[in-house]
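Hello,

Here is the structure I promised to pass on to you. Please have a look at it first, and then read my notes below.

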Amino acid sequence: MLPSGMTKIPRDLSRREFVAVGGAVLLSAGAPRLARLELTAQQAIERIRARVGVPWRDTTVDGFKAGDPATVVTGIATVVMATLPALRQAAAAGRNLIVTFEPTFYSGNEDPGSRASDPVYLAKKAFIDEHRLVVWRFSDHWGARVPNEFASALAGALGWADLRTADNLLVYAIPSTTLGALTEHVRARLGVKGSLRVVGTPGMQIRRVLLSPGTTDMPGTVKNLSQADVIVSGEPREWEAVEYVLDTASTNQPKGMIAVGRLVSEEPGVRACAAWLRTLITEVPVEAIATVDPYWRIA
Amino acid sequence: MTAEAVVARIKAQLASQGVAWREGGRDTFKAGRPETDVRGIATSGMSTFDVLRRAAKAGHNLVISHEPTFYNDRDVTTDLETDPVYRAKQQFVAEQQLVVWRFHDHAHALRPDPLIAGSARALGWTSYASPADPRVYVLPATTLGELASAIARRLGDRGIRVVGNPAMKVSRVVLGPGYGMPPLSAAADVVVGGEIGESGGNTEYALDAAAAGQPKAMIMLGHMMSEDHGMQEIADWLRTFLAGLPIAFIPAGEPFA
């Protein structure tokens, strides 16, 4: 038992943090400051679930992926994908709750499968354990808010925040341009490198842009592209949205596609999520970790 | 010979090579009338509108496509009936009396897999095939940057995407054309293939592996840049048992500008 007058050390305050905080703070005199620290990952997530504004789904990829939910949160980092470099950056900045939007262990169900004894997988797991990080995924529900947070934030990053059309929340009416000029605008604004791929002719006239960050599926493309000249896409598949856009060249209404990659397309929405989290979690710092386009191409 | 009869001949040939026909898969007629008389056959990685136009112009009215015609894996057209692009493509098929038949599942069942063989041929890797594993190629040691440059030049691949350190040494390659490339693991330096989901998977693994000091890489050629070539192998194979019919490979080509 602890001597009277001493507060029990929260089980998830690491030894290093205990030293940093200093024993004195743990005496009753330091109680107010300690109370401020005691936001667990579980409590943070409960607050998010209560405030996200969409009903929580029974079947979802969202949830804890690594770490102990009872861990006391020292800081929150949002990131598109919880790669090992991103986890290192978060840990170095003292952000031990990582809110990610893509998998942590290489697949949607996080089952390492054949990688269970893989050295890279084990190194990542060991890093998470050693630094007592907690990883929580927030993809389905952040993406379910209306208007779509990823699309709105992508529009903001492209300088089009005020240009959304009234008839379609995913379509933006921009000043008249060409596919070639728009491609250069998108490349510069999003810092996209190897992920950038374009379908269509550079001289194609563009007025209306359909935004489709993340997965660019075929039904959404067919449904919405009739109202736009070009689709700015995250991740299209060649036998789905790409083939459809390609085929429009043989009709009297040719369309264009600018694919920027899934991760690049989701980056603005993940930054917007950090800003939103700051409005409901004030106990600890919240920041977005930048995602660099992982792909490169031969110059 | 009708398109139906051509497909019957293909099924018989597959059976003679030990590939039993399985119903319920992807390999069905997608457009046009199966009873149409065939004047010539065109094989292609994907029956895009442009491929259909080139096939019609060449008088090859049976198009054998590896990938879908109508923008989804099973060519479900229920929600496309009022779509102008779909309607224009169907109208062109009807006007030109084309027939489109898909050859995917059973093509991959042939040994060696002609899609892998075609990709390896296009890459110039045939002689580097590992005798132990049909997907592994052991190349003369190079760097990832040099390998990617050589591939891009050779294939004329504009949309090639690479993850990994350009300076890393590579030799052992797993080749997986099409979608869903083989998972990266400690067993190879680099996976080369068509396209794969960017969420998690090989992209995340390669980024983690570099950070963990065990560099791995992935080169995505694009779906057509990796599987189109194998339909040349299919054209060659069709000629062995369909003498008298003009048969041509019409590449879908890279969709990206």
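**Backbone notes**

In chain A, A:P147 sits in the loop between β4 (134-137) and α6 (149-157). Helices here are DSSP runs of H or I with at least four residues, strands are DSSP runs of E with at least two, and both are numbered from the N terminus. Please keep in mind that this is a predicted model, in which local features need pLDDT of at least 70, side-chain atom pairs count only at pLDDT 80 or more, and totals for chains, interfaces and linings use all residues. Residues are numbered from 1 along each chain as its sequence is written, while chains are lettered from A and ligands numbered from 1 in the order in which they are written.

B:P112 lies in the loop between α4 (105-109) and α5 (114-123) of chain B.

Now look at the loop between β3 (97-100) and α5 (119-130) of chain A, where you will find A:Y106. A:Y106 is not a glycine, yet its phi is positive, near 75°. Is A:Y106 buried or exposed? A:Y106 is buried, as 25 other C-beta atoms lie within 10 Å. The cut-offs are 20 or more other C-beta atoms within 10 Å of a residue's own for buried, 12 or fewer for exposed, and in between for partly exposed, with C-beta atoms placed from the backbone.

A:E110 is also in the loop between β3 and α5 of chain A. Its phi is positive as well, near 60°, and A:E110 is a residue other than glycine. A:E110 counts as partly exposed, with 17 C-beta neighbours inside 10 Å.

Best wishes
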